[in-house]
Amino acid sequence: MASRPRHERAREIAGECPLLTADLATVTWLTGLVADIEWGPSPFTAPPVALIHPDGSLLVVASEDEALSVAAGVDVLAFPGFAVEDVDREREALSRALAALEGADAVSADVASLPGALAWELARSGVEVVDVGAELRRARAVKDPDELEAIRAAIAVADAGQKAARAGLSAGRSELELWAETRFALEHAAGGRIPVLADFVTGERTGEVGGLPGERAVLEGDLLLVDLVPRVGGYWADSCATVACGEATATARRAYERSRAALERALELVRPHASAAEIDEAARSEVGGEGYPHHTGHGIGTSFHEEPRIVPGTDRMLEPGMVVALEPGAYEDGVGVRLELVVVVTADGYEVLSGHDLSL
């Protein structure tokens, strides 16, 4: 767990300047704001902006609709959300952000996230901007206790979806039929509509690593690769299992054993100060052959894929409080198997947060 609360860590990153970010994951991390992302970019809002002043006070510029989710203790400068009359929300958001920054001659910011109009106004006004985006992303990797509880809640929802997918798998059913039941289970467990990303493929499609569910009908002996990524509140979960419909083929069993061995090897190495690159290399060596065409693992939190990334050649080291999804796979001859568990790095090792069945 983090030795200091995230607001203090963010304040330290900013130095003596105000801290400014419009990265949605970081805004959620700092303020608790939960944006509705199911319908994509909305015509009734503008990107929220979070600001921490040097005195530690925290505020967010957000639409009246999204501001309802902001945590207690966070000041809100709200602009109109859904409305009948015409509203230039981008301009309204900009004016509020500039008002909050009035008098500042320098800011520490996640530069890549800033709306263009805000970045332009800062430059026009001669405000010095120091880019601290990378530092913020690294800070988000270490979770506070309340974040861990939020991630556990999201993982419980993912577990319910995995259970439903496994229970519904049978020959003759289409991927879309199975997906409808799985999505229902996810949202029933969450108690409402939630955003969900997923790989949900069967048969020869599993050899393509992933994809969206389609009309393909399941055949006896097929595999179902089901990778579920639901968001509950502002926090994401991740989970993957690969399940056989009836008796698995020899190729499928071989791929499963390789993927399982890679996952177990990766888990053996998880501990504070462990090298992410060494974990990646060890997992890939267990799979052998050409390995797998994706990362071995990644962090989850207010983004579904964040620091630390478990990939070749990285210099990242694990720290207590980091939450990591490990997901090595094995793909050959039109058959793909991927297995995934989410763990939190503890003071002396790790704790598995996932509770879904990994058996073939």
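Predicted model: local features only at pLDDT ≥ 70, side-chain atom pairs only at ≥ 80, totals over all residues.
**Exercise 1. Take apart the hairpin of S8 and S9: how many residues sit between the strands, and which residue in the turn has a positive phi?**

Step 1. The hairpin of S8 and S9 has two residues between its strands. Gly233, in the turn, has a positive phi of about 65 degrees. Strands here are DSSP E runs of at least two residues and helices are H or I runs of at least four, numbered from the N terminus.

Step 2. Residues are numbered from 1 along each chain as its sequence is written, and side-chain values use heavy atoms, with hydrogens and water left out.

Step 3. Now the pairing, which takes at least two DSSP bridges between two strands. S8 (residues 223–232) and S9 (residues 235–236) are antiparallel with two bridges, and Arg231 stands opposite Trp236.

Step 4. Look at the other partners of S8. Strand S7 (residues 196–202) pairs with S8 in the antiparallel sense over seven bridges, with Asp199 facing Asp227. Strand S10 (residues 239–244) is also antiparallel to S8, joined by six bridges; there, Val226 stands opposite Ala241.

Step 5. Check burial (buried is under 20% relative accessible area, exposed over 50%, partly exposed in between, with a 1.4 Å probe and protein chains only). Nine of the ten residues of S8 are buried.

**Exercise 2. Which residues of S15 point one way, and which the other?**

Step 1. Start with the rule: in a regular strand, side chains alternate between the two faces of the sheet.

Step 2. Apply that to S15 (residues 335–338): Val335 and Val337 go one way, Gly336 and Arg338 the other, and all are buried.

Step 3. S14 (residues 329–332) runs antiparallel to S15 and is joined to S15 by four bridges, with Glu332 opposite Val335. Their hairpin has two residues between the strands, and Asp333 takes a positive phi near 50 degrees.

**Exercise 3. What does the side chain of His294 make a polar contact with?**

Step 1. Find the residue: His294 is in the loop between helix H9 (276–287) and strand S11 (297–299). At a relative accessible area of 14%, His294 is buried.

Step 2. The partner is the side chain of Tyr331, at 2.8 Å. A polar contact is a pair of N or O atoms within 3.5 Å; within protein, one must be able to donate a hydrogen and the other to accept it, and residues adjacent in sequence count only if both atoms are side-chain atoms.

Step 3. Leaving aside neighbours within four places in sequence, His294 touches Val209, Arg284, Glu327, Pro328, Gly329, Tyr331 and Arg338.

**Exercise 4. Where do the buried residues of H8 fall, seen down the axis?**

Step 1. List some of them: the buried residues of H8 include Ala252, Tyr256, Leu263 and Leu267.

Step 2. The buried residues fall within an arc of 165 degrees, so they line one face of the helix. That arc is taken from the directions from the helix axis to the C-beta atoms.

Step 3. Turn to the other side of H8, where Glu257 and Glu268 are exposed.

Note on methods. Contact = heavy atoms within 4.5 Å.
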